[in-house]
Amino acid sequence: MVVQVKTPARLHLGFLDLNGELGRLYGSIGVAIDRPNVMLEARPACELAVEGPEAERVAAFAETFLRHYPVVSGAHLCLRSSIPAHVGLGSGTQLALAVGVALARLGGLDLPVEEIAARLGRGVHSGVGVAVFRYGGFVVDGGHPAEGRRMLPPPLLYRGRLPAEWRFVIAIPETDRGLSGETEQAAFQVLPPSPAGLSEKLCRLLVMQMLPAIVEKDAARFGQALTEIQRLVGDSFAAVQGGRYANPVSGRLIDLWLEEGALGAGQSSWGPTVYALAVGKAQAAALEQAAERFLAQQGGGQVFTVRPAARGAQVRVTAEPS
């Protein structure tokens, strides 16, 4: 028996409520993208063995899963490809869920993705990664209760598909990685509450501009709302990340893209990954070239173009060849 899991990456497009006076916190917006991908293979084995990149991380997720669900005595896990870690593309959640789903399938256990996420400590603040793993597409979650223990990831409120001709140009500058793990937890704990008026504006931008633009396939209106949401959320996180964006290079690239005609631009999660919205291959290629020229003068980095991913993780179970 071989279990193969392929996941999308994701862009985190912002939080909706850092105020919490209505009884819920965060609420987040995100979109699945078609690459890079986690590609994991799992086979039965007498003990746990891991090969491929990020072996320690894979092993840690597997050990945690098997403590909660001792359904197999062991497994051979091979990570064929991965999402770059701690750059804002959601690598941790996609990798954790790929491991959990693969082990559950090996053990004949039918577990909801949300339960696996909770056991592996994913979806603590945002539910975007869990939602795009399960469904793909453009997603919005409803945040967590402001008080009390958080168990399952936030509820999914909306899931839609972005038009196939839309593109995101992705740039990952060669600079410090974004916050993660305990550092990220500490940042959320010291983050000052935002004014209620800011949360109201963010929700209005989402409901009255961004979501209608998806239905009407209006990339310009969608990008306008996206850029404004990113600016407002970035300013809310300035106290813990040092400015509107994670670093000056990312911020200047966003400005450059908007000057060059990008329909929208922003930073994914804690960065340093930034992205620009384009329609069609020609506009995406022009923005990609502009980013490459810019980063060549700023220490380098990766630039590539992706499409929105309309589906979530793909799981394939096959018999071992005889």
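Visitor: Let's start with Ser194. Which residues does it touch, not counting those up to four places away in sequence?

Guide: Ser194 touches Leu18, Asn19, Ser199 and Ser236, with residues up to four places away left out. Keep in mind that this is a predicted model.

Visitor: And where is Ser194 found?

Guide: Ser194 sits in the loop between helix 5 (181-190) and helix 6 (196-216).

Visitor: Buried or exposed?

Guide: Ser194 counts as buried, because its relative accessibility is 8% and the cut-off for buried is under 20%.

Visitor: OK, zooming out. How many helices and strands does the chain have?

Guide: The secondary structure comes to 10 helices and 12 strands.

Visitor: What share of the residues is buried?

Guide: Buried residues make up 53% of the 322 in the chain. As for the surface, the chain exposes about 14,100 Å², and carbon and sulfur atoms supply 49% of that.

Visitor: And of the contacts between residues at least 6 apart in sequence, what share joins residues at least 24 apart?

Guide: That share is 75%.

Visitor: Now the inside. How many residues are in the largest nonpolar core, and which have the most contacts inside it?

Guide: The largest nonpolar core has 76 residues, and Phe138, Phe168 and Phe222 are those with the most contacts inside it. Helix 2 (residues 91-106) gives the largest share of this core, with 10 residues. A second, separate core has 19 residues, including Val169, Leu256, Trp257 and Leu287.

Visitor: You mentioned helix 2. Which residues is Ala98 in contact with, beyond four places in sequence?

Guide: Ala98 lies in helix 2, and its contacts beyond four places are Val5, Thr7, Val38, Leu40 and Phe133. Ala98 is buried, with a relative accessible area of 0%.

Visitor: How many Å apart are Ala98 and Ala131?

Guide: Their C-alpha atoms are 13 Å apart, and the two residues are 33 apart in sequence.

Visitor: Switching to Arg311. Where is it, and is it buried or exposed?

Guide: Arg311 is in the loop between strand 11 (301-306) and strand 12 (314-318). At 52% relative accessibility, Arg311 counts as exposed, since the cut-off for exposed is over 50%.

Visitor: What does Arg311 touch?

Guide: Not counting residues up to four places away in sequence, Arg311 touches Pro8, Tyr135, Gly136 and Arg159. Arg159 is also among the contacts of Phe138.

Visitor: Now the backbone. Which peptide bonds are cis?

Guide: One of them runs from Arg35 to Pro36, with omega near 0°, and Pro36 is found in strand 2 (residues 24-44). Another runs from Gly271 to Pro272, with omega near 5°. Pro272 lies in the loop between strand 9 (264-267) and strand 10 (274-279).

Visitor: What's the phi of Tyr26, and of Ser269?

Guide: Tyr26 has a positive phi, near 75°, and Ser269 has a positive phi too, near 55°. Most residues other than glycine have a negative phi, and most peptide bonds are trans.

Visitor: Where do Tyr26 and Ser269 sit?

Guide: Tyr26 is in strand 2 and is buried, with a relative accessible area of 7%. Ser269 is in the loop between strand 9 and strand 10, and at 27% relative accessibility Ser269 counts as partly exposed.

Methods. Residues are numbered from 1 along each chain as its sequence is written. This is a predicted model: local features need pLDDT of at least 70, side-chain atom pairs count only at pLDDT 80 or more; totals for chains, interfaces and linings use all residues. Side-chain values use heavy atoms; hydrogens and water are left out. A nonpolar core is a set of buried Ala, Val, Leu, Ile, Met, Phe, Trp, Tyr and Cys residues joined through side-chain atoms within 4.5 Å. Buried means under 20% relative accessible area, exposed over 50%, partly exposed in between (1.4 Å probe, protein chains only). Helices (H or I, at least four residues) and strands (E, at least two) are DSSP runs, numbered from the N terminus. Contact means heavy atoms within 4.5 Å. Accessible areas come from the Shrake-Rupley method with a 1.4 Å probe; for residues, only the protein chains shown count as cover.
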